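Please study the sequence and the structure shown below. The paragraphs that follow lead from charged pairs to the nonpolar core and then to the strands.

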Amino acid sequence: MCVDFTDLNKACPKDSFPLPHIDQLIDATVGHELLSFLDAYSGYNQILMEEEDQEKTTFITQQGTYCYRVMPFGLKNAGATYQRLVTKMFKDQLGKTMEVYIDDILVKSKRKEDHLREAFDILRRYGMKLNPEKCAFGVTSGKFLDFLVSQRGIEVNPDQIKGIEGIPESLTSKK
């Protein structure tokens with residue numbers, strides 16, 4: 001189902017909460033022996049809407065009139081709202097044992113001991129659910145924000161090389 005929030009998004013002021021710089025998040029993985037890549041399951045839908053704001057998300061179907069009780073996709077400030085939430089949740093771990101970009105979470109450790117315990121304690125405390133199909137636990141390398149990262153930093157990503165090699169010569173210039 002798709003709900004058009006164009007008018008609501010026009011009426012809402014922009015939330016200027018900053019998203020992290022991707023290059024800094026990627027650089028912060030260097031030197032960590034173990035990495036876990038976590039993905040929040042339908043991230044925005046895990047945020048409850050304030051009761052007084054639910055009516056602003058009203059939509060009509062043949063079965064009746066409904067509104068969202070959780071944050072729907074397509075709202076102008078959903079990304080900033082979600083980033084603010086995870087920044088607050090993981091404030092003591094960010095930059096140390098975790099890096100977070102909206103719903104993509106990286107847990108990093110220089111040693112194997114207690115690698116995931118702290119992160120999972122926080123996820124349980126807030127009831128955040130993960131998408132197991134998009135998670136990798138206790139690995140030495142993996143994809144984070146479309147970069148292949150490891151203890152040494154950014155690795156060569158074969159998928160990106162294939163993409164570049166697949167560009168037709170007519171679209172490239174030797175100049």
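How many salt bridges does the count come to? A salt bridge is defined here as a side-chain nitrogen of Lys or Arg within 4 Å of a carboxyl oxygen of Asp or Glu, and by this rule the count comes to three. The model is a predicted one, in which local features need pLDDT of at least 70 and side-chain atom pairs count only at pLDDT 80 or more, while totals for chains, interfaces and linings use all residues. Residues are numbered from 1 along each chain as its sequence is written, and side-chain values use heavy atoms, with hydrogens and water left out.

One of the salt bridges joins Asp15 to Arg84, with the closest N and O atoms 2.8 Å apart. This pair links distant parts of the chain: Asp15 lies in the loop between helix H1 (6–11) and H2, and Arg84 lies in helix H4, 69 residues apart. Helices (H or I, at least four residues) and strands (E, at least two) are DSSP runs, numbered from the N terminus. To describe accessibility, buried means under 20% relative accessible area, exposed over 50%, and partly exposed in between (1.4 Å probe, protein chains only). Asp15 counts as buried because its relative accessibility is 16%, whereas Arg84, at 36%, is partly exposed. A further salt bridge is formed by the side chains of Asp53 and Lys56 (2.8 Å, N to O). Asp53 is partly exposed at 24%, and Lys56 is partly exposed at 49%. The side chains of Glu99 and Lys108 also meet in a salt bridge (2.5 Å, N to O), and both of these residues are buried.

The next topic is the nonpolar core. In soluble globular proteins, nonpolar side chains tend to be buried together. A nonpolar core is a set of buried Ala, Val, Leu, Ile, Met, Phe, Trp, Tyr and Cys residues joined through side-chain atoms within 4.5 Å. The largest such core has 36 residues, and Met71, Tyr82, Phe90, Ile105, Val107, Met128 and Phe144 touch the most other members. Elements that give two or more residues to this core include helix H2 (22–27), strand E1 (34–39) and helix H4 (78–89). The largest share, four residues, comes from H4. Contact means heavy atoms within 4.5 Å. Not counting residues up to four places away in sequence, Ile105 touches several residues, among them Phe37, Phe90, Met128 and Phe144.

Helix H4 itself has twelve residues and reaches 16 Å from its first C-alpha to its last, close to the 16 Å expected at 1.5 Å a residue; the expected span is 1.5 Å times one less than the number of residues. Its buried residues include Ala78, Tyr82, Val86 and Met89, and the buried residues of H4 pack against E4 and H5. Gln93 is found in the loop between H4 and E4. Gln93 counts as buried because its relative accessible area is 7%.

Finally, consider the strands near the end of the numbering used here. Two strands pair if DSSP finds at least two bridges between them. Strands E7 (residues 141–144) and E8 (residues 147–150) pair in the antiparallel sense over four bridges, and Gly142 has Val149 in E8 as its bridge partner. Two bridges join E8 to strand E9 (residues 153–154), and these strands run antiparallel. In E9, Ile154 is the bridge partner of Val149.
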